[in-house]
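Visitor: I have the sequence and the model open side by side. Can we walk through the side-chain contacts together?

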Amino acid sequence: VDRVEVVMEGKKEASQVKAKVNDLHNEIIANAQIVLNEKMPAKILHLHDILMNHEAFKAENIERITVVGVTDESDPPNGKKRKMEKSENNVEGAGFVPSNTTIIEAFKLVKREVLELIEMIDIVKVWIHLNVPRIEDGNNFGVSIQEETINELGRTEDAGLSILENITKYFLTRGKLITKVAKHPHLEDYKQAVIELDSREFVNLRMCILELRNNYSILWDGINKNLEKLRTPRSTHHLPSIM
């Protein structure tokens, strides 16, 4: 009797777990529909508006990019002056050197948009995976569309992560150049190199917003054109109730 009770309890527990997984899958499907029907098209318009009107991405900002002076009178953020000792890791005569505020503002916006892109892509990828039918011979044209769409989503996700990685490299490069400016304040070329680096990064960040908008547009257009195949890749395979 005890063994029967254990078996029955196990089946009951498995059934509850299965129901919870089904609920999660249904939630993912619902979220994917919201992303495709509402969030993606809204994001396309939002990014276009940023390009055209946002203060951080106005083209004239590139003309205002300058190098912040590097002197031993510069104050750190807490307002207390700090004496820089001459050592291998410190720059003689250098104080607190702030980042370029124009770039920082643009970077914060781009980073937020990239993270939102990755989140949306993840939801849509899982939704497509849940619609993939079991493996069978023949009638796989719809499945190939699903696979290509998943690959395209993956490429867009990688492009977003690459944007974040390149921004990190910018800060490292700028830090090295600022060190050169501090060591050799009489050499104008180092200061000009920082200006050119900041100008190039501003253009790159603006292009990132353009790329994000275009990627959203291409994905949304491709998914909508193949929506039926993504939902029902085989004529005999219907949208799953998920197990």
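Visitor: How many salt bridges does a search of the whole structure find?

Guide: First, a caveat: this is a predicted model, where local features need pLDDT of at least 70, side-chain atom pairs count only at pLDDT 80 or more, and totals for chains, interfaces and linings use all residues. Residues are numbered from 1 along each chain as its sequence is written, and side-chain values use heavy atoms, with hydrogens and water left out. A salt bridge here is a side-chain nitrogen of Lys or Arg within 4 Å of a carboxyl oxygen of Asp or Glu. Searching the whole structure that way, the count is ten.

Visitor: Lys43 and Glu113 meet in a salt bridge; are they buried or exposed?

Guide: Their side chains come to 3.0 Å, N to O. Buried means under 20% relative accessible area, exposed over 50%, partly exposed in between (1.4 Å probe, protein chains only). By that rule, Lys43 and Glu113 are both buried.

Visitor: Which residue forms an edge-to-face aromatic pair with Phe107?

Guide: Rings of Phe, Tyr and Trp (its six-membered ring) pair if their centres lie within 6.5 Å; planes under 30 degrees apart are stacked, over 60 edge-to-face, the rest tilted. Phe107's partner sits 5.6 Å away, centre to centre, with 80° between the planes. That partner is in helix α3 (residues 141–183), and its name is Phe171.

Methods
Helix = DSSP H or I, 4+ residues; strand = E, 2+ residues; numbered from the N terminus.
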